[in-house]
Amino acid sequence: MTSRSHIAVSKDVAERLAAVAKDLGMTQFALANEILTLGLDMISNGITTARVREIMTLYKILTEIEVVPVPARIFDKLIVNSYNVDRESTVKAWCEAGKTLAAYIKAMFGSLNNISSLLPYLSDIFPSKKFEVKLTEDEFDLNIVGLGYSAETVEANAAALRCLLEDLGYKIEELITAPGLLKAKAKKVG
C-alpha cells in the first residue's frame, strides 16, 4: 500500500483537481500523484513549467491548423515535384498557407509579438542545422541554415513566410534564398 502525505493547494486548484478526477474516473489521490510525478520528472530533466506551457500552446496551434508530420526528405520531394508540374500554383499554395497562419495568429494571439516565446520551438520542428529568430516590437529577423534539400523547398517556405509577415503588417526588407538557406528581415509598417 502506498503511504500518503498531505499537501496544501489553493482552493481553485483543489476544485479543478476534484472535477478533472471525477471526469476521468480517478481518485484525486491517483490524479494528483500522476500529475506531480510527471511534473517532477520534467523538472528533474530540465524542463520548466513555463516551457511545458509554451510547448502545450505550440502543440495546440499545430493541431488546430492541422499540421501533418511528414519526413523531411519525402516532404522535400513532394515540393520539388509540385514545382516541376506548376511552380506558380505551388508558390500560391504556400503563400495561402502563410496567410492562413497569419489569420490564425491575429485571431488567437493578436500579433506575432504575443507568441514570440514560441518561436524558438520552431527549431525543433524544422529540419535545420541553424534556426535563429529575432523579434522586437517592430523588427523581424530570421536565419535558417539547412532548411530542406532543394532550392524549391526554400522558395516555398520563403513564399509562406513573405505572405505571413505581410499579412501581419510587416514589410519585407530582405529575403535571401539558396538551397538550404532562408534569410529574411522585415519591419513593422505603421
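In this predicted model, cysteine 95 is buried, and cysteine 163 is buried too. These two residues are joined to each other in a disulfide, with the sulfur atoms 1.8 Å apart. The structure holds 1 disulfide, so a look at cysteine 95 and cysteine 163 covers that topic. The torsion about their S-S bond comes out at about -95°, which makes the disulfide left-handed.

The axes of α4 and α6 come within 7 Å and cross at roughly 25°. An angle under 35 degrees counts as roughly parallel, and α4 and α6 are therefore roughly parallel to each other. The crossing of α4 past α6 is right-handed. Sorted by class, the contact between α4 and α6 is made up of 14 nonpolar, 3 polar and 7 charged residues.

Helix α4 (residues 72-109) has another partner in helix α3 (residues 49-64), and here the axes come within 12 Å and cross at roughly 130°. That angle makes α3 and α4 oblique to each other. The crossing of α3 and α4 is right-handed. On the α3 side the contact involves Thr57, Lys60, Ile61 and Glu64, which meet Tyr104, Met108 and Phe109 of α4. By class, this contact of α3 with α4 has 4 nonpolar, 1 polar and 2 charged residues.

Between α3 and α4 runs a loop, and glutamate 66 is found there. Its backbone is worth a glance. Most residues other than glycine have a negative phi. Glutamate 66, however, has a positive phi, near 60°, and is not a glycine. With a relative accessibility of 65%, glutamate 66 counts as exposed, since the cut-off for that label is over 50%.

Arginine 73 is found in helix α4. At 54% relative accessibility, arginine 73 also clears the cut-off and counts as exposed. Arginine 73 and arginine 16 are 57 residues apart along the chain, and their C-alpha atoms are separated by 44 Å.

Turning to the strands, asparagine 143 has its place in β2 (residues 139-147). Asparagine 143 has a relative accessible area of 14% and is therefore buried, the limit for buried being under 20%. Once neighbours within four places in sequence are set aside, the contacts of asparagine 143 are with Lys130, Phe131, Glu132, Leu181, Leu182 and Lys183.

Strand β3 (residues 170-178) includes alanine 178. Alanine 178 has 29% relative accessibility and so counts as partly exposed. From alanine 178 to aspartate 41 the C-alpha to C-alpha distance is 42 Å, with the two residues 137 apart in sequence.

Conventions. Residues numbered from 1 in each chain as written. Predicted model: local features only at pLDDT ≥ 70, side-chain atom pairs only at ≥ 80, totals over all residues. Heavy atoms only, no water. Axes fitted to C-alpha atoms, helices over the stretch in contact; angles between N-to-C directions. Helix = DSSP H or I, 4+ residues; strand = E, 2+ residues; numbered from the N terminus. Parallel < 35°, antiparallel > 145°, perpendicular 65-115°, else oblique. Left-handed = near helix turned anticlockwise from the far one by under 90°. Contact = heavy atoms within 4.5 Å. Nonpolar A, V, L, I, M, F, W, Y, C, P; charged D, E, K, R; others polar. Disulfide = S-S within 2.5 Å. Buried < 20%, exposed > 50% of the residue type's maximum accessible area, 1.4 Å probe, protein only.
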